Amino acid sequence: MRAAVLHEIGQEKLEVLDDVEAVGFGPGKVRLRIRATGLCHSDVSAMSGVLPQPAPFIPGHEGAGEVMDVGDGVTGLSAGDRVLVCWLPACGACPSCKRGQTQLCLAGFMNAGTPNFKRPGGDVFGFAGTGTFTEEVVVGAGCAVPIPDDVPFEIAALIGCGVTTGLGAAINTAKVEAGSSVAVIGCGGVGISTIQGARVQGAAQIIAVDPVASRREAALRFGATEAVSPDEFADAKQRITAGEGFDYVFEVVGKSATARTAYENTRRGGTLCIVGAGAMDDNFQVNMFELFFDEKRILPSMYGGGDVLRSYERAIALWRAGRIDLESMITHRVRLDGINDALDQMRTGESLRTCIEL
């Protein structure tokens, strides 16, 4: 089957090959035919080495498709079912799951260290234990979440990561209050979803901050009340909050420098929500006096900060009701052969989300 493979960490291009085989099918597993997958910035971060991932590997974790076969012991799924890929399934038995913090379950991360593909030259890993830049993939049954018939594959794919992460940051983690002021730094697919979450929550002002003009323009279409470049952010803070700072600031870039900017633009007693996935050696610093004196809440948000199955259902309900716009987030569509063009478009900020159709 065909798949897009990164041979070594640090390479910028993927090679589309036709000699890849999905392996590991057996009890508790399902084989999926991927129909659509989104390109998320985390895929690029794994390729560059910012996020840890063994190589060679197949990127992609934001996918949807059909069940081809189910292994022994799998219940609730059968061949032909339409599903989205959950890259962080809950085991239901670990301490995090028992506390109701299923987004912190580590069972899914353990899958990332087990190859689920192979080529004539050896084993190939799937990013985050999945790897959706491929025609077929074998994953644990918990990674295959049934979707209603009225949800297109490309919409379901977005819900599988970026939409759930952004909406959840605003709704689950920060719990944005109606009438509040919000700033979102970084307006790619996850940032746009954060903006939509803040709008759903009833924020009065939503300021989008991004260096790319096209993304600022897009942010206004998705609910931002104003969009500024990073150089204009300080002025926006002064005009909108009289210099006090915003009630909520979301960092959706994954860098300590932008996290520090977010902290400085959060009002005393306000909330800084860290959504971007960054590098292990990139340290965010605050001094002990300001930490105590300003009483700003610093809230990291992992995969939307809540039960992902409930978050999927909520995203679908909001989309059906017209409260969030998911179709317009897909700015580009390519076939698998066009994956490297899609990567370039993401790196330059030209795209919000690219749908790869398989």
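Q: What makes strand β12 and strand β13 a pair?
A: In this predicted model, β12 (residues 181-185) and β13 (residues 205-209) share five bridges in the parallel sense. Two strands pair if DSSP finds at least two bridges between them, so β12 and β13 qualify. S181 has Q205 of β13 as its bridge partner. Strands here are DSSP runs of E with at least two residues, and helices are runs of H or I with at least four, numbered from the N terminus.

Q: Why are β14 and β17 at the edges of their sheet?
A: The open sheet has six strands, ordered β14-β13-β12-β15-β16-β17, with parallel pairing. β14 (226-228) and β17 (297-300) each have a single partner strand, so one side of each lacks a neighbour in the sheet.

Q: Why is helix α1 called largely enclosed?
A: Buried means under 20% relative accessible area (1.4 Å probe, protein chains only); exposed is over 50%, and partly exposed lies in between. Six of the eight residues of α1 (residues 41-48) are buried, so the rest of the structure largely encloses this helix. They are S42, D43, V44, S45, A46 and M47.

Q: What do the buried residues of α1 pack against?
A: They pack against β4 (29-38), β5 (57-58) and α12 (339-348). Contact means heavy atoms within 4.5 Å.

Q: Which residue just after α1 takes a positive phi?
A: G49 does, at about 100 degrees.

Q: How is this model read?
A: Residues are numbered from 1 along each chain as its sequence is written, and side-chain values use heavy atoms, without hydrogens and water. In this predicted model, local features need pLDDT of at least 70 and side-chain atom pairs count only at pLDDT 80 or more, while totals for chains, interfaces and linings use all residues.
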